[in-house]
Amino acid sequence: MKSVSIFGSTGSIGQSTLAVVRLHPKHYRVQSLVANAQVDVLWAQIQEFHPRTVGVADPAAAARLRERIAEQIPDGALRPEIVDQPAQIAALAAEESVDVVVAAIVGVAGLASTWAAVRAGKQVLLANKESLVAAGQIMMTAVAESGATLLPIDSEHNAIFQCLPVGEQPAKAVDKLILTASGGPFRTHPLERFSEITVDEACRHPNWSMGRKISVDSATMMNKGLEVIEASWLFGMPASRIDVIVHPQSVIHSMVQFADGSVLAQLGLPDMRTPIAHALAWPERIESGVAPLDFTSLNGLHFHAPDCERFPCLRLAYAAIESGGNAPLVLNAANEVAVAAFLDGRIAFNDISRLIEAVMNLVQSGTRTAAPESIEAVLDENEWARAMADAAVIRFENSRG
Ligand SMILES: NC(=O)C1=CN([C@@H]2O[C@H](COP(=O)(O)OP(=O)(O)OC[C@H]3O[C@@H](n4cnc5c(N)ncnc54)[C@H](OP(=O)(O)O)[C@@H]3O)[C@@H](O)[C@H]2O)C=CC1
Ligand SMILES: CC(=O)[C@@H](O)[C@H](O)COP(=O)(O)O
Ligand SMILES: [Mn+2]
């Protein structure tokens, strides 16, 4: 029996993880659940999975959950402990009795708990790509030092992990990693109408059901840019050997091209329960609840090169990794601020890439470009970059009138 703690349990990845756990009650037990504010969802998860501890980042939501527990779970019955201080929440990832930590908080908000899990040498199922983009070198060094096992559940990286030779990372004789991209909802949308794109349209991914931030990232293709950086750290591969190919069906989740001309691919329905089940059970295999592919019903698999004119975020991400230093961190921070501003109706869809580029240019023309050397410095640098992006949002709002 493995004990699993899920950071971001109320989100899309968190709920898919619990759907897999639900299928295997004899193999997995839930130790801790962590979320921000969705008390109703947390309450339902508590009743079903009986975690020992629940971390709630929003103190007002934590108070509501404590009240609900006091009212509904009788005195003397087993009540979960509720913690709401950032340090207490991160510490849940390092508890001795935890075997597996699922890192599925969205954004750099997930860094502290992912870091705690890595430092404690846990088996970490990584969805929270932003942590690796912001703190890749520090994180990978800590993985090597602590003996943590970092298993990617981001679908592309999980696919590559499945295609690479066992126990060989970085793998020998690999020419290229090929990340597939759906192209998002605006792959063929008229470019001159990008400024009118609504939040609902941007959040409607053609193939995957996901949280709002990553859905917008897919729509700008920044998601793929973040994934190139994520792949580079996970697999020790320079960005020059990581290609992106648009594959609108999202059936091939990524590929590895070897020196002898072989290309290995991992295929499956676009459902995150597959990579999550793969990583939960690794190196074994378990059922995920996902149906196998019906090849006869596939209407062709198509591929084309990405268009960086249409999706400048992909170009900006390659430029950030090429620049190195704090550029990937700044890219990520500016993207988090820009996406939140778009979701709040403050900037237009096509302002997202413009705003990120403006912040990147500002940083590149200054003197503060080195990579931070500790997690504390990463968090400071992230706040600094966010403040610059916040100021850019105000400039963009003012220029719109
Ligand atoms: N969804 C997907 O299919 C995929 C997602 N990913 C990555 O996984 C991560 C999660 O994505 P997704 O599940 O879609 O996102 P969601 O928005 O659906 O869920 C985010 C989760 O994080 C929680 N959360 C947000 N802020 C905090 C905080 N400060 N402290 C604690 N918990 C917090 C939310 O809690 P609450 O609900 O209470 O707000 C929620 O549980 C992202 O990094 C994304 O890029 C990677 C591949 C695929
Ligand atoms: C499910 C998953 O891993 C997402 O990152 C997904 O890949 C998004 O799709 P695109 O970014 O390719 O549109
Ligand atoms: Mn992905």
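Trainee: Leaving aside its neighbours within four places in sequence, with which residues is Glu227 in contact?

Mentor: This is a predicted model, and its contacts are computed from it. Two residues are in contact if their C-beta atoms lie within 7 Å. Glu227 itself has its place in helix α10, residues 222–235. Once neighbours within four places in sequence are set aside, the contacts of Glu227 are Lys129, Asp154, Glu156 and Leu179.

Trainee: Which residues does UniProt list for "binding site", and what is the largest C-alpha distance among them?

Mentor: The UniProt entry, which is unreviewed, lists Asp154, Glu156 and Glu227 under "binding site". They are spread over 74 residues of sequence but cluster in space, with a largest C-alpha distance of 8.5 Å.

Trainee: Is Glu156 buried or exposed?

Mentor: Glu156 lies in helix α7, which covers residues 155–163. A residue is buried if 20 or more other C-beta atoms lie within 10 Å of its own. Because Glu156 has 28 other C-beta atoms within 10 Å, it is classed as buried.

Trainee: Why is α7 largely enclosed by the rest of the structure, and against which elements do its buried residues pack?

Mentor: Helix α7 is largely enclosed because 9 of its 9 residues are buried. Among them are Ser155, His157 and Phe161. The buried residues of α7 pack against β7, β8, α10, β10, β11 and α11.

How values were computed:
Residues numbered from 1 in each chain as written. Chains lettered and ligands numbered in written order. Predicted model: local features only at pLDDT ≥ 70, side-chain atom pairs only at ≥ 80, totals over all residues. UniProt positions renumbered as here; feature names shortened; annotations may be inferred. Helix = DSSP H or I, 4+ residues; strand = E, 2+ residues; numbered from the N terminus. Buried ≥ 20, exposed ≤ 12 C-beta atoms within 10 Å, placed from the backbone.
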